[in-house]
Structures are given as C-alpha cells and as structure tokens.
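Subject: Structure handover

Hi there,

Here is the structure I promised to pass on to you. Please have it open while you read, and my notes follow below.

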Amino acid sequence: MDDERTADEGRTTVDGGVGEAGEGLPEGFLVRHPVPADHRRLQGALADWWGGLGGDAGALQRQLLVPRLFLQHFAGTSFLVERPDHTLHAFLIGFLSQTDRRTAYIHFVGVCPDGKRAGVGSFLYRLFFAAARAVGRTRIRCITSPNNRDSIAYHTRMGFRLEPGDRTDEHGVPVHRDYDGPGLDRVSFVRDLPGGPGAITPVAAP
Ligand SMILES: CC(C)(COP(=O)(O)OP(=O)(O)OC[C@H]1O[C@@H](n2cnc3c(N)ncnc32)[C@H](O)[C@@H]1OP(=O)(O)O)[C@@H](O)C(=O)NCCC(=O)NCCS
C-alpha cells in the first residue's frame with residue numbers, strides 16, 4: 001500500500017543536468033518525488049519555514065492545505081530536495097489541472113530558512129515548468145496571500161503576471177477579496193510557458 005512506502009523506497013532522483021532544470025542544487029543534494037512517509041516532515045516545514053506568517057492559525061491553515069493526498073495522488077508533479085544527510089531542504093507541491101488542459105498548478109513551495117535566496121526555489125520551479133511542458137501544458141498558475149510579500153516578490157521575479165483583482169492593496173498589488181472564503185483574500189499569478197520539449201527524465205536511484 002502506498003502509505004507504507006518509505007522515503008528510501010520512494011527515493012528517485014531527477015537528473016538536474018537534463019533539459020531546462022540545469023544546475024541549481026548544491027553538490028550532494030538530491031531531488032526526488034515525495035512519498036506519503038514524507039508527510040510528517042512536510043507538515044513541520046509548513047509550520048516553521050514561513051517566518052511565523054499568520055501566527056499559529058497561519059501555520060495550521062498551511063498544514064491543512066497539504067494533506068497526505070498530495071503525496072499519494074500528485075507525487076509525480078511534486079518534488080522535494082534533500083540534503084546529503086536526507087534531511088528536508090525544500091519542496092514543491094504541484095499538479096496538472098484536470099479542468100484546463102493547458103494549465104499546471106503550483107500549490108505550495110517552500111525552501112528552508114537557511115537555504116533561501118540560493119536558487120533552490122527557482123530550481124524547483126524550472127523542474128516543474130519542464131515537467132508540465134513535457135506533457136503539453138503551456139500555462140502555470142498559483143496563488144498566494146497578500147501579506148506574503150516574499151512570495152509576491154519571488155513570483156514576480158520568476159516571470160509571473162499578477163491577475164487583476166477587485167481591489168489594490170497599499171503596495172499596488174491586485175487582490176481578490178474573499179477568494180478562498182470570508183477574509184481569505186488571495187493574489188493570483190499566471191505565467192505562460194515558452195514552447196519546446198524540455199523534458200526531465202526521472203531516474204530510479206540505484
Ligand atoms: C519564496 C521562496 C520559495 C523562494 O525560494 P528561494 O530559493 O529563496 O528563491 P531563489 O533563490 O530561487 O530566487 C529566485 C529569484 O527570486 C528572487 N527572490 C527570492 N526571494 C525574494 C524576496 N523575498 N524578495 C525579492 N526577491 C526575491 C531572487 O533574488 C531571485 O532573483 P535573481 O534570479 O534575480 O537572483 C522561499 O523564499 C520560501 O520558501 N519562502 C517561504 C515560503 C513561501 O512563502 N512560499 C511561497 C508561497 S507558497
């Protein structure tokens with residue numbers, strides 16, 4: 001059963017030298033698809049890596065937004081980065097839209113506090129872009145909270161457009177009011193993928 005697979009059994013490398021992913025990870029770091037056994041430490045990362053954004057309620061909200069099902073049913077389009085000692089360094093949870101066949105969606109991305117601004121987030125995005133493009137997706141979407149200024153800066157830098165909202169905040173950012181429910185405003189991003197194959201080949205670990 002899927003849930004009984006360990007991280008070791010699920011360990012898969014993705015050749016960072018293939019396609020668009022290119023270099024981007026420190027030596028000895030591993031990128032692989034997640035397995036359900038990774039759920040507990042991802043939950044820890046969701047609590048600890050956002051700099052206390054939203055306090056305890058924010059941490060719980062993030063944790064509830066990444067239930068185990070993502071590691072059971074969306075693992076093929078999700079990635080995590082481990083350090084040489086197999087501790088968690090970064091992750092990306094994404095999927096292919098079932099409704100809009102042009103679109104792939106990045107649900108969550110996180111890089112550990114000590115690992116930020118070293119290119120790992122953009123490495124994971126390039127990996128996801130290539131995986132999405134390899135199966136014909138031409139558009140990437142994601143959302144973030146208006147108070148996550150780092151995320152807005154990062155996504156803008158990564159070539160995403162901010163979609164028009166129904167109000168503009170004090171920083172000039174378009175916001176969708178109550179997007180995910182009362183009081184849960186969101187900023188919406190979209191990015192087109194340039195054409196070309198750029199496929200990434202997953203390689204089973206020895
Ligand atoms: C947002 C996050 C994933 C970015 O990952 P990262 O590894 O630090 O980003 P990178 O080093 O790949 O940066 C890519 C580009 O974005 C820019 N960037 C990243 N964070 C930035 C910030 N806070 N402010 C301004 N620019 C930023 C980088 O300078 C870089 O631009 P460059 O190519 O001109 O140098 C990471 O900061 C993080 O995990 N934050 C906490 C979790 C979070 O908010 N996730 C997003 C919402 S789900």
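Which residues of helix 2 and helix 3 meet each other? On the helix 2 side they are Gln 43, Leu 46 and Ala 47, and on the helix 3 side Ala 59, Arg 62 and Gln 63. By class, this contact has three nonpolar, two polar and one charged residues. Helix 2 spans residues 39-48 and helix 3 spans residues 55-64; their axes come within 8 Å and cross at roughly 145°. The crossing of helix 2 past helix 3 is right-handed.

Before you go further, please keep in mind that this is a predicted model.

The overall picture

The protein chain has six helices and eleven strands. It runs to 206 residues, and 31% of them count as buried. If you look at contacts with a separation of 6 or more, 62% are between residues 24 or more positions apart.

The core

The largest nonpolar core is made up of 40 residues. Within that core, the residues with the most contacts are Phe 91, Leu 92, Leu 124, Leu 127 and Phe 128. Several elements give two or more residues to this core, among them helix 2, helix 4 (69-73), strand 3 (79-82) and strand 4 (88-96). Strand 5, helix 5, strand 6 (139-144) and strand 10 (187-192) also give two or more. Helix 5 supplies the largest share, with ten residues. As a general background to this, nonpolar side chains in soluble globular proteins tend to be buried together.

Leaving aside residues up to four places away in sequence, Phe 128 touches Thr 77, Leu 92, Gly 94 and Ile 106.

Around the ligand

There are 20 residues around the ligand, and those that come nearest are Lys 116, Gly 121, Ser 122, Asp 150 and Ala 153. Which elements each supply at least two residues of this shell? They are strand 5 (103-111), helix 5 (120-134) and helix 6 (149-157). Helix 6 provides the largest share, five residues. By class, the shell has nine nonpolar, seven polar and four charged residues.

Helix 6 is also where you will find Ser 151. Is Ser 151 buried or exposed? Ser 151 counts as buried because it has 20 C-beta neighbours inside 10 Å, and the threshold for buried is 20 or more. From Ser 151 to Val 109 the C-alpha distance is 9.4 Å, although the two are 42 residues apart in sequence.

The loop between strand 5 and helix 5

Two residues of this loop made it into my notes. One of them is Arg 117, whose phi is near 60°, a positive value in a residue other than glycine. Arg 117 counts as exposed, because it has 9 C-beta neighbours inside 10 Å.

Gly 119 lies in the loop between strand 5 and helix 5 as well. With 15 other C-beta atoms within 10 Å, Gly 119 is partly exposed. Its C-alpha is 7.6 Å from that of Leu 25, and the pair is 94 residues apart in sequence.

His 86 sits in the loop between strand 3 and strand 4. Phi of His 86 is near 70°, again a positive value in a residue other than glycine. His 86 is exposed, because 11 other C-beta atoms lie within 10 Å, and 12 or fewer is the limit for that class.

Leu 30, in strand 2 (residues 30-32), is 56 residues from His 86 along the chain, yet their C-alpha atoms are separated by 8.1 Å. Leu 30 has 18 other C-beta atoms within 10 Å, so it is partly exposed.

Leu 162

The last stop is Leu 162, in strand 7 (residues 161-162). What does Leu 162 touch, not counting residues up to four places away in sequence? The contacts are Val 173, Pro 174, Val 187 and Phe 189. For Val 187, the C-alpha separation from Leu 162 is 7.1 Å, across 25 residues along the chain. Leu 162 is partly exposed, because 17 other C-beta atoms lie within 10 Å.

Enjoy looking around, and do write back with any questions.

Best wishes

Notes. Residues numbered from 1 in each chain as written. Predicted model: local features only at pLDDT ≥ 70, side-chain atom pairs only at ≥ 80, totals over all residues. Near = placed C-beta within 6 Å. Helix = DSSP H or I, 4+ residues; strand = E, 2+ residues; numbered from the N terminus. Nonpolar A, V, L, I, M, F, W, Y, C, P; charged D, E, K, R; others polar. Axes fitted to C-alpha atoms, helices over the stretch in contact; angles between N-to-C directions. Left-handed = near helix turned anticlockwise from the far one by under 90°. Contact = placed C-beta atoms within 7 Å. Core = buried A, V, L, I, M, F, W, Y, C linked by C-beta atoms within 7 Å.
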